[in-house]
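Subject: Structure handover

Hello,

Please find the structure below, followed by notes on what was found in it.

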Amino acid sequence: PLPYWLVDIQDGEPWVGQAQMADALRRALVWCVELGLKVFVDLHAAPGSQNGFDNSGRMGATEWQAADASGQLRNLGRTLEVWRRLIA
């Protein structure tokens, strides 16, 4: 399972180690290719927390589908961008 902060950290978010996680993922994917293994990418945590539990990256209120002050569904857009970057 992969967290969104592997490819998208914004100001005010506490995640660290993004470069190290991305490097480890690249190495693992290379090993899988070399061994002929298929990979299933599981986005395990989406921006804004999809369920309010710690496995979503934060506990408490869910803001994944919440509109911001301008009516934009910012976290849904971030989630789509995370998927685009993960599968690129």
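The structure holds three salt bridges, a salt bridge being a side-chain nitrogen of Lys or Arg within 4 Å of a carboxyl oxygen of Asp or Glu. This is a predicted model, in which local features need pLDDT of at least 70 and side-chain atom pairs count only at pLDDT 80 or more, while totals for chains, interfaces and linings use all residues. Residues are numbered from 1 along each chain as its sequence is written, and side-chain values use heavy atoms, with hydrogens and water left out.

One of the salt bridges joins R78 and D8, with 2.9 Å between the closest N and O atoms. R78 is in helix α2 (residues 74-87) and D8 is in the loop between β1 (2-3) and α1, so the pair ties together parts that are 70 residues apart in sequence.

The protein has two helices and two strands, where helices (H or I, at least four residues) and strands (E, at least two) are DSSP runs numbered from the N terminus. Along the sequence the pattern is β-α-β-α. Helix α1 has 18 residues and spans 26 Å from first C-alpha to last, close to the expected 26 Å; the expected span is 1.5 Å times one less than the number of residues. After α1 comes G36, which has a positive phi near 75 degrees.

L37 lies in the loop between α1 (18-35) and β2 (43-45). With V30, W31 and L35, L37 makes a nonpolar surface patch of about 450 Å². Patch residues have over 30% relative accessible area and no salt bridge, with like charges joined within 9 Å and nonpolar side chains (Val, Leu, Ile, Met, Phe, Trp, Tyr) within 5 Å. Accessible areas come from the Shrake-Rupley method with a 1.4 Å probe, and for residues only the protein chains shown count as cover.

Regards
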